[in-house]
Structures are given as C-alpha cells and as structure tokens.
Amino acid sequence: MIGPNGAGKTTLLSILAGILRPDGGTLEIGDGAVGWVPQQAALYRRLTVEENLLLFARLEEHPDPRASGAEMLELTGLGERREEFLARLSGGDQQRLNIAIGLLSRPSVLLLDEPSVGLDPRQRAKLWEFVSGLAGRGTTVIFSTHDIQEAERYGGRLLVLADGEALFDGSPDELRETVRRESDAAVAAAADRDFETAFVAYLHHRGH
Amino acid sequence: MRWLLLKDLQILRRSPLQAVLLVVYPVLIAILVGLAVSRGPGEPRVAFLNEVPQNARISLSGRKLPSANVQHRICEKVECVRVHSREEAEKKVESGDVLAALILPEDLINKINSLSTLSPGTPKVEVLVNESDPLKAGAVDDKITALLAQANLAIAKAIAVEGGKYLNLVIKGGDLPVLAGAIHILGLESSAHILEAIEPALPQGPLRVALGQVIEFANDAGENLDIAGPLIQRLAQPIEVHKVAVGGSSPPLETFAIAIAATLTLAFVTVLLVAGSLALEREENAFPRLTRGLVSSEALLGEKVLLGVAVGLVVTILMLAGLTIFVPLEWGRFGLWLVAILVGAGALAASGAALGAAAREVRAVSLLAFMVTLPVAFLSLVPSGTVGVGLYDVIKVITALFPFKPALEAITAALEAGSGSLGEPLLHLAALIVAYAVIARLALRRFARV
C-alpha cells in the first residue's frame, strides 16, 4: 500500500486487522488467522525479548509457549539477545520482535504498517530479508510504506491510495506502463528511469 | 488475565524507584495526616512576665483573699517562658521564639481591688503578638482569649468562695479575723435562738409582738440567705456544658486518624497503580494488540482493577499492622477490615481505571490521579459546620462522587465497634464501582485508535 500522508493506509490496515470498524462496505476474510504488526512496536520495554514472546504466546494460548517463543527467536535471529530488555535493542531488532509477535498466531496473512520507518539502511535490508523469507514460506504479507523504491522492490502487487480512495491496483510494471501511456514523452522517460517519478506523475494525473 | 497480572507485577518489581515511591510516599503522607489529625498542636510557647508583687492579693472588704493561682493556671495551658523584662518579651515575640508574650502589670491587683471602691479602675493585662502571619495571629488571639477567660473565672471563683464564707458567717455566726485578733459575729441563727429564749419572759403587749417580728425576720433571713450561698458561688460559672450526641457516633480520635492514614494509603496506591498501568498499555502501544482477540477490554479493565485491589490491600494491611506497634487495634474485627478495604479498593481502583482510560501517557495520568485524589481526600476531611452551609453542600456532592469518603467511613466503621454503620458506605462504594467501571469502559474506546 502506497500513498501520500493521510491517504488511509493505516486506517485500511486497521480495518483489515479488525481493530477499526469500517464506516461502509464489506470485508471478507478467508480461513486462517490474520497477523497484525502496528507501526510502533507494541511491546513491553521492561520485559526481555524472551519474556515478551512468552507473554504473547501465553495470551495466544499456545500449548507450549516456551517452544513457540524459541521458534520465533530462531526465526528472528534474536536468540543471542533473548535476555536483553527491549529498551536496549536497536530499532531494527525491536521491529523484528514486533513482527515475530505478529507471527505467533501463525497467520496466513500478515499485515505490516510501515515496518521500515526509522530504520537505517542496514537494518532495513535485514528486515526485508526477514519479511521476504516469510513470504517465501507462504505467508501473504500486506505492508504499507512511504518508501516507493521499497514498494517497487518488495511489493508484488501495489495498491495506491489517496484521500481514502483506491486509485490503482496492480503490479509496479503496470503502474509504470499506465504513466507512460498517460504522460508526455519527457515525463514518460523520467518515469521509466525512476519509479518514484512514475508514482508522483500518476498521482498528479489524478489530481493529487 | 493472570498472565497480564503477572506481567504487571513483574514490571512493577523491575521499577524499584517507582514501586518504592508508590508505596512509601502515600504511607508517609498518610501517617503525617493521621498524626496531624490525632494530635493537636503542642502547648504553645508564651513568654510570661509577672510584674505583680509576690505578696499582692485581691482583697474583699479590706481582707486579702487567698491566691487564685492565676499564674499556675495559665502555665498549665501553655509552655510559659519566664522573662524578666518587657524588652526581653518583645524580642522573643519578634524572633518567633514564642508565639506571644503575656504581661501582668505591677498595678493589676490594685486595679482589681479598686473595683469594689467608689473609684473603680480597669484591670488590664498586656499581650504582645507578632501579626506578620495572619494565621498565627488568629491562633494567638483565640488562645489568649481562652486563657484570660480561665484566669477571670479563677478570680471570680475565689471571690465567690470568699463571699460565700462571709455570708455563712452572717447566717451561722463565728469569728471574723481582723488584723491580729478576731471579732465574734453572732449570726442570724444564734440571734434568733437568743430572742426566742427571751420572748416568753416578756409580757403580752406591743413589745412582745415586735420581738416576734424580729425573730421571724432572723429565721427567714437565715433560711433564705442559706439558699443564696450556693447561688453566689454559681455566679462565677453560671452556665455549664452538658454535651449530648444526637447524631452519629464519633470514633476515638486515634481510630479516626488510623482510618484516614489507611484510606489515604489505599487511595494513592490503588488509583495511581491502576491508572498508571492502564495508561502504560497505551504508551507501549500494546492495547490494540491485546484487545485484538487476546483479551477483551472488560477483562483488561478487570485485570487492572484486580492488580490495584491486590497491591492496595497488601500495602494497607501491612501499614495497619505496622501502626499496631503504636496504637492498639481490634484484630478481632479483621474480617470487617478486609471487607471494607476490599470494597473501598474496588471503588478506588475503578476510579483509577476511569482516569487511566482518559489520558494517553503514564506521566499525565499520574499527575491527573494526584490532582484528583489529593483535593478530594482533603475535602473529605472538612467537618460540617467549619465552612458555610452552601459550600459544605458543594463539598458533600463532590466527595460523594469519589470513593475516598465512603471508603474512609467504611474503614472507620470496620476498625472499631460503634464508629458508625458499615453497610451504608459499602453500598455507596458498590454504586461507585459500577459507575466508574462504565465510565472506564466507555473511555477505553478511545484507546482502540492506533
């Protein structure tokens, strides 16, 4: 999901997660759990990495919460930092733990709200490697981002939102193709070179 | 719910400063308020300068009365600091070493004695006060007025007793000491007896009739003046106070002070803990994640209330146990204590949950909890009759809306038999639990926004 500030990305993700009720329309959710990872880490700073995992595994009523916690520690690569308090982790590690807790319910769909915000390039790369691994293992990942290059690189399907309206639903290439078709030669050439330019041109053509 | 409860206790254990502040601060405040309520101020220090000559006495009809011990009586009520000059007294008042100075001038007794002469003077004592502090000045005025009233009473009593003796002498007869010797006073009763003895010896006639009238007068005067004796003594203190309690039953001051200390501790610990721990869920962004199927909002509220009740109960019971070192408490009523503390804690925790749901941050919530709890606690201690009727009605409404006052009433009633009804405040608290639970649940809707 991409779109300018106030487009409704977080609102839509919250509705998909079942946290907000939609004002109108319908929402169909298939079989399997929907995991949700909020933009800011929803974790306890005065608990350790392992205690956070254990608490949420217990609240999820896992038959063996310790085993589930250990599995997530392995998945996130935070095993060595299991006894550290959350407050001492880097932003990237906190976000990985945040996602790991979203995965405790073993969801078939995982919702990530701007997961890479505030991370440095190295942490961001590690995060996307982790998320790509999840997608590779069969989890559908829906994420929102402000980083257009990130959307192009990791998103298989883009939803462009602006002012609460869905403007585009398709692949990055299809978005580029639409811009090429609707713009003059100079803009089309620029959009070919840079996906962000293509995105801005697309919004401009639709009055945003 | 139990995992959340354990998590909150774990977080509390890992914040020792916060935990200590949460427990120690309210306990200290509670003990200080309890002490302030149970014990009045110590005897005020008053500089005392007595310039009256040592052998000077108030005299009645030229006869010196025994000392009324005015100085002794005054110094029983205040801590007298003897000074030797007016300058010394002034310095002590100015420096704040003493609250006031009382000066009995040299001519005080002469002026008192002049009251029974044709040119009466005005006896005066002098009081030096430092009026830089209006509260202190008011307190000094009240104390000095009370002291002088007592001194006047002592003098009046001494005069009345002596007057009574003279009256007795007139009725019964006896010796009246004068200078080195004594004058024998026959008295009305003896006069009547003598005349009665003489009367039969007199022939019938006007002289005997006149003597009969004198005898009748002597008897009547003796009997009636006999009644006047106690009346004269009563003049010194014509009105006595007979106090009858017609409403409520006041607990001993110590019990009330302990109840205040216990309720203050319970209120601060419970309200702050519940409000803070609920706001923490929001500050840590955990609320939406928790209520997204893991626990219901009602269960989360219930967990916070349970946390507040459990910690508040433990701290309050420990504090009461600690206070038994100084004040005997009726441990046989422990069951009632438990009920009062549990229900009180429930209402306070529910109000804490409503406060916690109203703010976003722990700091803001803590400030809000203090700003609400402290004034309500102090307003709850305002006795009726000490403020205007309209203002007291407003105070009554405000304090009825918060759980502090009913919790205080319940704990007071539970601590000692005959300290009021327990049922009424418990019902009040139960109603507040329901009301605040509803407010907290409605306020939690705001939490769901991410």
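Contact, as the word is used throughout this tour, means heavy atoms within 4.5 Å. The model on screen is predicted, so local features need pLDDT of at least 70 and side-chain atom pairs count only at pLDDT 80 or more, while totals for chains, interfaces and linings use all residues. Residues are numbered from 1 along each chain as its sequence is written, chains are lettered from A in the order in which they are written, and side-chain values use heavy atoms, with hydrogens and water left out.

Begin by selecting chain A. Residues 24 or more positions apart account for 64% of its contacts with a separation of 6 or more. Colouring by secondary structure shows nine helices and five strands, where helices (H or I, at least four residues) and strands (E, at least two) are DSSP runs numbered from the N terminus. Of the 208 residues of chain A, 47% count as buried, that is, under 20% relative accessible area, with exposed meaning over 50% and partly exposed in between (1.4 Å probe, protein chains only).

Select chain B next, in which 16 helices and eight strands are found. Buried residues make up 40% of its 450 residues, and among its contacts between residues at least 6 apart in sequence, 73% join residues at least 24 apart.

Now display both chains and turn to the interface, where 28 residues of chain A are in contact with 21 residues of chain B. The two chains bury about 2300 Å² between them, 58% of it on carbon and sulfur atoms; buried area is the accessible area (1.4 Å probe) that two parts lose on being put together, summed over both. On the side of chain A, pick out A:Tyr44, A:Arg46 and A:Leu59, which lose the most area to chain B, together 31% of what that side buries.

Zoom in on B:Glu283, which forms a salt bridge with A:Arg45, the closest N and O atoms being 3.5 Å apart. A salt bridge here is a side-chain nitrogen of Lys or Arg within 4 Å of a carboxyl oxygen of Asp or Glu, and the rule finds three of them across the interface of chain A and chain B. The elements that give two or more residues to the side of chain A that touches chain B are helix H1 (9-17), strand S1 (34-37), helix H2 (49-59) and helix H4 (91-103) of chain A. Among these, H2(A) gives the most, with five residues.

Finish at helix H2 (residues 16-38) of chain B, in which B:Tyr25 lies. B:Tyr25 is partly exposed, with a relative accessible area of 35%.
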